[in-house]
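Colleague: I am new to reading structures. Could you take me through a few features, one at a time?

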Amino acid sequence: MSITKGPLSGIRVLDLTHAHAGPYGTMLLGYLGAEVIKLEPPTGEMMRMGETEVSLKSSYYIIALNPNKNGLVLDLKGRLGKQAFYDLVKKSDVVYSNTRAEVPKRQGTDYETLSRINRRIIRCNISGYGETGPYISYPSYDIIASGHSGILSICGEEGRNPVIPGGIALADMMGGIFASMSIIAALVKRNRDGMGMKIETNLLDSLLVMQQVKFQNYFLTGKEPGMQGRRHARDAGYGIYETKDGFITLASSTNQEKLMELIGLNELINDPRYKTSEERNKHKKELDNSYEEALRKKTTEEWIKLLRDENDIPCGPVVNYDEIMKDPQVKQNRMFIEMELKGEKYNSMNSIFKLCNKSNQSVIEGNPEPPPDVGEHTGELLKSILGYSDELIKEIKAENEASIPRLKKRLKSVEIDEEVK
């Protein structure tokens with residue numbers, strides 16, 4: 001059963017997004033109960049790689065980022081497709097995209113155009129760099145924003161090359177999160193005054209604000225933070241440390257005398273270099289090295305039992321995906337669920353949202369469903385939402401089909417970059 005009820009029940013989102021940032025953001029709105037209509041060109045969004053049907057073998061991006069959505073195909077350059085889109089805008093609350101800043105205007109999907117059709121519409125676009133300025137025409141992806149935001153200058157070991165933060169698309173996901181937060185704020189505001197609004201979010205700003213603490217220190221000291229490596233930039237006893245059989249994470253910067261005692265470094269407790277937080281920070285590298293040398297004497301499991309389980313020192317293991325799947329707390333939190341696609345069962349990520357009423361009952365009902373094939377619900381949506389006749393729907397589908405050669409030709413050219421945020 002799909003998510004049928006939630007705080008955003010009754011909100012309809014026209015999802016023009018592609019790739020990672022936009023689909024991630026619209027997925028979150030769907031998890032909160034919004035009706036999300038994934039509106040694609042007849043050739044599908046870019047991450048479908050030309051496939052019109054979702055496949056467990058090749059569609060992990062689509063499966064991960066597009067559950068719980070309805071699939072609609074319209075050619076927005078076609079006469080009937082554009083009119084159908086505008087008719088849907090009249091009956092929707094949000095239009096959501098992630099493209100370069102100038103694309104919505106060129107498409108006729110910009111806020112100024114859509115607000116004349118529906119004054120309550122909320123128009124959100126995630127761009128790479130922003131809506132104004134010298135970079136608005138540049139193409140951008142997650143890794144481009146990571147480099148341009150400064151975050152790659154702090155990700156990695158000192159003296160070595162930068163690394164992708166966590167190996168994940170941090171800019172894309174934070175762009176989607178901030179965009180969806182802004183949409184929810186706009187919906188609250190619209191409840192008061194009945195007016196929609198334009199929302200501007202971009203990948204560069206999203207990663208800048210994620211570095212707020214680092215930048216504040218830079219503003220005050222003028223010092224570049226440099227590569228952060230495995231340890232906290234300021235506090236000893238906070239970071240990743242090697243053990244006899246792997247690694248352990250420690251966050252014991254406020255209880256270091258107890259840590260010294262438990263790991264067999266009693267001689268350091270009265271050492272003047274480590275008596276106060278200020279002195280420990282001055283000699284952080286030496287102290288961290290002493291910690292790691294001591295921690296290498298036992299296994300990660302032995303240390304966790306002694307430090308965390310028996311003495312309440314904050315620490316934990318560094319686990320891989322296989323181990324996560326067996327973790328009892330992850331199982332308790334139900335972060336993974338089983339879904340079924342075309343008769344094949346598979347594991348997927350569950351919704352992060354756990355919202356309960358005063359009786360401790362979830363206000364969100366149902367579970368996410370698999371993503372749609374390209375345009376899977378086109379006829380159904382045009383009929384149920386707009387009341388279109390079978391004949392008109394047939395004409396729209398014919399227009400969609402006629403546009404495929406043009407779209408395929410465009411996909412092979414550099415013009416595709418015009419749509420990239």
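Modeller: Start with helices. Helices here are DSSP runs of H or I, at least four residues long, numbered from the N terminus. Keep in mind that this is a predicted model.

Colleague: How far apart are lysine 90 and aspartate 87 in helix α3?

Modeller: First the general idea. An α-helix has 3.6 residues a turn, so residues three or four places apart point the same way. Now the case. Lysine 90 and aspartate 87 sit three residues apart in α3, about one turn of the helix. Their side chains meet in a salt bridge, 3.5 Å from N to O. Aspartate 87 is buried because its relative accessible area is 15%, under the 20% cut-off.

Colleague: Which salt bridge does aspartate 193 form?

Modeller: The general idea again comes first. Side chains of opposite charge can pair when their charged atoms come close. Aspartate 193 pairs with lysine 189, at 2.9 Å from N to O. These two are four residues apart in helix α7, so about one helical turn separates them. Aspartate 193 is partly exposed, at 38% relative accessible area. Lysine 189 also counts as partly exposed, at 23%.

Colleague: Is arginine 234 buried or exposed?

Modeller: Arginine 234 is exposed, with a relative accessible area of 53%. Its salt-bridge partner is aspartate 235, with the closest N and O atoms 2.9 Å apart. Aspartate 235 is buried, at 13%.

Colleague: How many salt bridges are there by this rule?

Modeller: The count comes to 24. Some residues are linked in a network of salt bridges, among them Glu157, Arg230 and Glu292.

Colleague: Where is aspartate 93, and what does its side chain touch?

Modeller: Aspartate 93 lies in the loop between α3 and β4. It counts as buried, at 11% relative accessibility. A polar contact of 2.7 Å joins its side chain to that of arginine 190. Beyond its neighbours within four places in sequence, aspartate 93 is in contact with residues including Gly10, Arg120 and Ile122.

Colleague: Which residues have the most contacts inside the largest nonpolar core?

Modeller: A nonpolar core is a set of buried residues joined through side-chain atoms. The largest has 36 residues, and Val13, Tyr96 and Ile183 have the most contacts inside it. Helix α7 gives the most to this core, with eight residues. A second, separate core has 24 residues, including Ile37 and Leu88.

Colleague: Which residues form a nonpolar patch on the surface?

Modeller: Tyr141, Ile143, Ile144 and Ile164 form one, with about 330 Å² of accessible area together. Isoleucine 143 is in helix α6. It is partly exposed, at 41% relative accessible area.

Definitions and conventions: Residues are numbered from 1 along each chain as its sequence is written. This is a predicted model: local features need pLDDT of at least 70, side-chain atom pairs count only at pLDDT 80 or more; totals for chains, interfaces and linings use all residues. Side-chain values use heavy atoms; hydrogens and water are left out. Patches are made of residues with over 30% relative accessible area and no salt bridge: like charges are joined within 9 Å, nonpolar side chains (Val, Leu, Ile, Met, Phe, Trp, Tyr) within 5 Å. Accessible areas come from the Shrake-Rupley method with a 1.4 Å probe; for residues, only the protein chains shown count as cover. A salt bridge is a side-chain nitrogen of Lys or Arg within 4 Å of a carboxyl oxygen of Asp or Glu. Buried means under 20% relative accessible area, exposed over 50%, partly exposed in between (1.4 Å probe, protein chains only). A nonpolar core is a set of buried Ala, Val, Leu, Ile, Met, Phe, Trp, Tyr and Cys residues joined through side-chain atoms within 4.5 Å. A polar contact is a pair of N or O atoms within 3.5 Å; within protein, one must be able to donate a hydrogen and the other to accept it, and residues adjacent in sequence count only if both atoms are side-chain atoms. Contact means heavy atoms within 4.5 Å.
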